[in-house]
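Good morning, and thank you for coming. I shall take you through one structure, beginning with a sheet and ending with its ring pairs.

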Amino acid sequence: MVEEHLRVVRCGGSELNFRRAVFSADSKYIFCVSGDFVKVYSTATEECVHVLHGHRNLVTGIQLNPNNHLQLYSCSFDGTIKLWDYIDGILIKTYIVGHKLHALFALASAEDSVFVIINKEKPDIFQLVSVKLPKSSSQEVEAKEVSFVLDYINKSPKCIAFGNKGEYVAAVRDFYLSVYFFKKKTTSRFTLSSSRNKKHSKNNFTCVACHPQEDCIASGHKDGKIRLWRNFDDDKKYTYTCLHWHHDMVMDLAFSVTGTSLLSGGLESVLVEWRDATEKNKEFLPRLGATIEHISVSPAGDLFCTSHSDNKIIVIHRNLEASAVIQGLVKDSSIFTGLMIDPRTKALVLNGKPGHLQFYSLQNDKQLYNLDIIQQEYINDYGLIQIELIKAAFGCQGNWLATVEQRQEKETELELQMKLWAYNKKTQGFILNTKINMPHEDHITALCFCNAEKSETPTLVTASKDGHFKVWILTDDSDIYKKAVGWTCDFVGSYHKYQATNCCFSEDDSLLAVSFEEIVTLWDSETWELKCTFCQRAGKIRHLCFGRLTCSKYLLGTTKNGILCCWNLLSCALEWSAKLNVSVMEPDPNSENIAAISQSTTGSDLFVFKPSEPRPLYIQKNISREEVHWGVFVPRDVPESFTSEAYQWLNRSQFYFLTKSQLLAEESLPTTPFYFILGKHRQQQHEKLNEDLGNELVQLPLTENIPAINELLHTPAHVLPSASFLCSMFINSLLLSKETKSAEEISDDVDMEEEKESDDSDKENDFTEKVQDTNNTDLGEDIHQLSKSEEKELRKLRKVDYSWITAL
């Protein structure tokens, strides 16, 4: 039987604009880096044709093989250069360089070598080097022959360009232009006035490009100017001319294949074509939507493409007409709406470009469409107070969408607007139905729909810092001219002038829960009478959700003081509580399961549990080193049937969560060759952690922070394992092995306490996981370093046989 294994997979959302895109020789395909992968898109259909898996860290450069245009080179932070057959999506060869590679350049003139940017000694010292690629029949080859070319360069590949069929290479950094001539093996350096001179305060170089046929170098600058350098083979006779249109920094430059045109782009979202590289003869492609970060030209010369700051690639014809748009996940700095699932398309929905909601296909890692909520032209001006889309919610099986937008210039000048959107079957999209100005007098903190299928009247509830929650219902707005429906306020509720912070309906919609700071209130949805209140005084309520199916009698809440509470609605009492600093709490719509993510010192930990049982079904430590603030369950199209109890929570849904760098999915799959392809980045994470741990001194924690001792003292005697096992565990916990441990092996206990109405005494339960390796310890804040003699003594104790204790 194939062993099941649970893993976290990067499923999408990575940057498509991290490096310049590359065209195939026939312009049919476009290649772009995307996290650990290389994606191959069709320029005609915009579809992703292949995803090239194999690198174990961020891909940092791609280039066509100049000697075989059906092959593609890629380099990565994992220290390897890989050669791919991109037509079939097959990895041909891996060259192990060993250095962290930041960029890649391949030239036809250098048949058996490529150029890469590597890190040398200090973090900000980068070098351009040549790497010889040895010929070998084996699939993995060591490429250790590295030749130095240039130092004091910028790590960005936009700041390196090879000119005139590889005769020289130009590099820019700060106020310097360096040109290395391969035949003469000499370097010329040119300097512009530094920032100390106020007149030339923005002379910094930002990018460079070389003319394909002439000795001409184009450089972009922070002040928006483009400088064309000539006669640079002579330090004294060099000249440069200026082109100036951009009002802010030039982000990238590219010459056309023949060199008759120069392309430039920047913050203005306008592609500028300088014909014959002259000031007078220029053409524009405006309104591209976001800052142009990279420009690429196809080898055939018929297509250009621009990569944009909103994670988008636009394919452009030679006549400056946009022909295709490849849109990735747009990640704003603040995802105010959180993650939602569109009930109709099963698309992930969240904040997109300013003022929009994006509908994103998780299966295809592709944006389906944008819904313009604010419906105003966005002005990209630093310091301007913008209108922000802060809340959104789907209701009535996707028939309705509610959104809230706000703008606040001063504390007393809050502008709020709530919009209700109806789904239109003819247009297959949402149409604005009702617009409500200032639905509350202060910030709206939450909104939720009543989602019962048989509900006659669609209902929406909003909660606000003004101390009120409001119930909005759909009513008949028909008149003699037309039949119409609209939304109106039906009820306003409050509780002792406290701020309303969360709201949610029970599964059958009979109860509405509204939190007012530290207090949870329950309201009858038929009469809007207050039925019950819960008050634990454990801090302000951060999350609130009802249990589902067999656990529908429970209400869950988390507080800002790090307490997770479960209330029994039948007994109106606290069922259990846990000390857990929850940043994300999401119920599975297809089961009783709840997923909670808590922050720890090493990253983010996942706990999956049922409200009826305080012990978790599953714990995954360190699912991400980054903080996780957003998560969502996504129903599967086809249910799975995992046999292991620990993984059955994934049978009907997958759990997705979003970090700053990518979208990740928690899923359980058998250990197959496919797993070894997709799961290698986890292995790389472990290796990095092991390397970090290996460099630390051998240290011993104080006894009060050792889980082994806590477990001995606090676990009831009748459920403890054998004494010989406990003694080994105790001794091992005192001695930190020099052998490294993976992040998942380091255990971390979470105490839970259970409160029953019939029993005043507190019963303790542990939110613990099954730990396979008993040598683990949980390092406390106060750490004592062992002397050599103490370490030697403990090693002796470790070898002592304690099996005699079992006979007592």
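This is a predicted model: local features need pLDDT of at least 70, side-chain atom pairs count only at pLDDT 80 or more; totals for chains, interfaces and linings use all residues.

**A sheet, a core and ring pairs**

Four strands form an open, antiparallel sheet in the order β39-β40-β41-β42. Strands here are DSSP runs of E with at least two residues, numbered from the N terminus, and two strands pair if DSSP finds at least two bridges between them. At the edges lie β39 (444-449) and β42 (485-494), each pairing on one side only.

Residues are numbered from 1 along each chain as its sequence is written, and side-chain values use heavy atoms, with hydrogens and water left out.

Within the sheet, β40 (residues 459-464) and β41 (residues 468-476) pair in the antiparallel sense over five bridges. Threonine 459 stands opposite isoleucine 473 in β41.

Let us turn to the core. A nonpolar core is a set of buried Ala, Val, Leu, Ile, Met, Phe, Trp, Tyr and Cys residues joined through side-chain atoms within 4.5 Å; buried means under 20% relative accessible area, exposed over 50%, and partly exposed in between, with a 1.4 Å probe and protein chains only. The largest such core has 19 residues, and among those touching the most other members are Trp400, Leu460 and Trp487. Elements that give two or more residues to this core include β36 (400-408), β39 and β41. β37 gives the most, with five residues.

Leucine 460 has contacts (heavy atoms within 4.5 Å) with residues including Met418, Phe449, Trp472 and Trp487, not counting residues up to four places away in sequence.

Finally, the aromatic rings. Rings of Phe, Tyr and Trp (its six-membered ring) pair if their centres lie within 6.5 Å; planes under 30 degrees apart count as stacked, over 60 as edge-to-face and the rest as tilted. The whole structure holds 38 aromatic pairs. Tyrosine 152 and tyrosine 176 have ring centres 6.0 Å apart and planes at 80 degrees, so this pair is edge-to-face. Tyrosine 152 is partly exposed, at 33% relative accessibility.

How far apart are the ring centres of tryptophan 400 and tryptophan 487? They are 5.3 Å apart, with planes at 80 degrees, so this pair is edge-to-face. The pair links tryptophan 400 in β36 with tryptophan 487 in β42, 87 residues apart. Tryptophan 400 is buried, at 8%, and tryptophan 487 is buried, at 7%.
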